[in-house]
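Thanks for coming. Please have the sequence and the model open while I talk.

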Amino acid sequence: MAIIVIDGEEMEVADGSPIADACEDAGVPLGCRAGLCGSCVITIEEGMENLEDLTSEEEDMGLGESQRLACQAVIRSGKVIASY
Ligand code: FES
């Protein structure tokens, strides 16, 4: 089981699963869910190493070093702390 913390709200998700639904439950605004609109940008404060590598959609978005798209990121295991 992996843990994602969004703005202090902690949720458990299965190892290797997308974080989109947990982020949406925590209030992150998801729009297209396809990596195109940019509405779901989150800032990773801790645990970037626990996320799978950037998707091509995230690379195309030109995100900052600590930013990810909530609709695209997949958690490997462990804990990720983020804010939006
Ligand atoms: S919801 Fe549109 S980029 Fe994530």
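First, the ground rules. This is a predicted model, where local features need pLDDT of at least 70, side-chain atom pairs count only at pLDDT 80 or more, and totals for chains, interfaces and linings use all residues. Residues are numbered from 1 along each chain as its sequence is written.

Now the sheet. Five strands make an open sheet, in the order β2-β1-β7-β4-β5, with mixed pairing. Strands here are DSSP runs of E, at least two residues long, and helices are runs of H or I of at least four residues, both numbered from the N terminus. Two strands count as paired if DSSP finds at least two bridges between them. The edges are β2 (9–13) and β5 (67–69); each has a single partner strand, so one side of each is left without a neighbour in the sheet. From one strand to the next the twist averages 35°, with axes taken as lines fitted to C-alpha atoms, for helices over the stretch in contact, and angles running from 0 to 180 degrees between N-to-C directions.

Next, β7, residues 79–83. What joins β7 to β1? Four bridges do, and β1 (residues 2–6) and β7 run parallel. In that pair, Val5 is opposite Ile81. With β4 (residues 41–46), β7 pairs in the antiparallel sense, over three bridges. There, Ile44 is opposite Ala82, and Thr43 is opposite Ser83.

As background, side chains in a regular strand alternate between the two faces of the sheet. On β7, Val80 and Ala82 make up the covered face, while Lys79, Ile81 and Ser83 are on the uncovered one.

Last, the two loop residues. Most residues other than glycine have a negative phi. Asp7 has a positive phi, near 45°, and lies in the loop between β1 and β2. Arg33 also has a positive phi, near 60°, and is placed in the loop between α1 (20–25) and β4.

Asp7 counts as partly exposed because it has 13 C-beta neighbours inside 10 Å. Arg33 has 16 other C-beta atoms within 10 Å, so Arg33 is partly exposed.

Note on methods
A residue is buried if 20 or more other C-beta atoms lie within 10 Å of its own, exposed if 12 or fewer, and partly exposed in between; C-beta atoms are placed from the backbone.
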